Amino acid sequence: MPDSPPATPAPAPPPADASRERIIAAATTLFAEHGYDGTSTRRIAADAGLNMATVAYHVGGKPDLYREVMLRAHLAEQRVLTDALAAFRELAPTEPVAAVTGLVDRYLDFCLDQPHIPALWMRRWLSDAAEFADLEAAYARPLIEAVRDTVREVVPAALPAGTAAPADIEMTVWTVLWSTHGFCRSGIRSEVPRFRAHLRGLVLRDLGLAARDPRDQGHV
């Protein structure tokens, strides 16, 4: 009797790091689209192509996974704002309008490139994941304060003589955050040039600087 052909070996399981990243990627998408409360661990496992036990092994429970997703979102935002504020400090003493519009542009471009991050935060504004009330104080507040303090330190010195200092820079920063996140989740997301010009003008007016970005002359 002829020898039977050798059995095809079972495919090797993915490396642990790869499995963990698949789980986190699936959870990020689902939390952004459906919120923490609207996403089950079973759905995360299914979208990652893994079973429930594997998900638990690599990331723990759903609360652990949510904290990991929000931490990664925060670190990404922190990196881009750290770089943007460094550029702002360098340019603002001589070109305050370009510095302000550059800072606005960097944040808008970041949110357009990473749309899950505005989505995650907007879900929280709708009272999603209410049991994680500490995340705003740990993640959002320090970044808002860093931008506020940097702008507050630099902009008044750049204003024309006799111009009053901006009344509420922190609220301007929050307005950029709310507006940008809302725009990135809106039905007019294709209108980026119009929104960019509007946001620049809004911030420059709030800060008492020229209302028009000279880089916009003749184009957007």
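Where do aspartate 47 and arginine 43 lie, and how many residues apart are they?

1. Both lie in helix α2 (residues 41-48), four residues apart, about one turn of the helix. Aspartate 47 is partly exposed, with a relative accessible area of 41%. Arginine 43 is also partly exposed, at 40%. Note that this is a predicted model.

2. The whole structure holds 15 salt bridges. One of them joins glutamate 21 and arginine 72 (2.8 Å, N to O). This pair links distant parts of the chain: glutamate 21 sits in helix α1 (residues 16-34) and arginine 72 in helix α4, 51 residues apart. Glutamate 21 is partly exposed at 37%, and arginine 72 is partly exposed at 32%.

3. Arginine 124 and glutamate 136 form a salt bridge at 2.7 Å, N to O. Arginine 124 is in helix α6 and glutamate 136 in helix α7, so the pair ties together parts 12 residues apart in sequence. Arginine 124 is buried, at 8%. Glutamate 136 is partly exposed, at 27%.

4. A salt-bridge network links Arg141, Glu145, Arg148, Asp149 and Glu170. Glu170 is also one of the buried residues of α8.

5. Helix α8 (residues 169-184) has 16 residues and reaches 23 Å from first C-alpha to last, close to the expected 22 Å. Its buried residues, including Trp174, Leu177 and Phe183, pack against α4, α5, α6, α7 and α9.

6. There are zero disulfides. Cysteine 111 is buried at 0%, and cysteine 184 is buried at 4%.

Definitions and conventions:
Residues numbered from 1 in each chain as written. Predicted model: local features only at pLDDT ≥ 70, side-chain atom pairs only at ≥ 80, totals over all residues. Heavy atoms only, no water. Helix = DSSP H or I, 4+ residues; strand = E, 2+ residues; numbered from the N terminus. Expected span 1.5 Å × (residues − 1). Buried < 20%, exposed > 50% of the residue type's maximum accessible area, 1.4 Å probe, protein only. Contact = heavy atoms within 4.5 Å. Disulfide = S-S within 2.5 Å. Salt bridge = Lys/Arg side-chain N within 4 Å of Asp/Glu carboxyl O.
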